[in-house]
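Subject: Structure for your files

Dear colleague,

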Amino acid sequence: MLVKALVAWAKRLINFFIAPKQSERLEDAQKTLRFPDNDVLRAKMDVSTRWNSSFLAWERLLLIKDAINIVLATLTVSNVLKHGKM
């Protein structure tokens, strides 16, 4: 059950960062963390027909987790300021 929950969470996170606006925010966060321009990474999709795509997608999430945390924290603060609640 825990594994299914983690897989579902990772897929939602990947789908969120595939969107152009969120992908741009992720790129900006990586630049803030001083990733070299040629090392800026995007989220990878999990493709059911590719046997190792889940592994590669999860590996990518781990590589960019600090940037993901910055974006999510920024969105949370922005949401609080906009709506006055979490």
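E27 and K31 form a salt bridge, with the closest N and O atoms 3.3 Å apart (a salt bridge is a side-chain nitrogen of Lys or Arg within 4 Å of a carboxyl oxygen of Asp or Glu). Both residues lie in helix α2, four residues apart, about one turn of the helix (helices are DSSP runs of H or I with at least four residues, numbered from the N terminus).

This is a predicted model, in which local features need pLDDT of at least 70 and side-chain atom pairs count only at pLDDT 80 or more, while totals for chains, interfaces and linings use all residues. Residues are numbered from 1 along each chain as its sequence is written, and side-chain values use heavy atoms, with hydrogens and water left out.

E27 also meets R42 in a salt bridge (3.4 Å, N to O). That pair links distant parts of the chain, since E27 is in helix α2 and R42 in the loop between α2 and α3, 15 residues apart. E27 counts as partly exposed because its relative accessibility is 21% (buried is under 20% relative accessible area, exposed over 50%, partly exposed in between, with a 1.4 Å probe and protein chains only). K31, at 37%, is partly exposed, and R42, at 46%, is partly exposed.

The structure holds three salt bridges. One of them joins the side chains of K11 and D46 (3.9 Å, N to O). K11 is in helix α1 and D46 in the loop between α2 (20-32) and α3, 35 residues apart.

Regards

How values were computed. Helix = DSSP H or I, 4+ residues; strand = E, 2+ residues; numbered from the N terminus.
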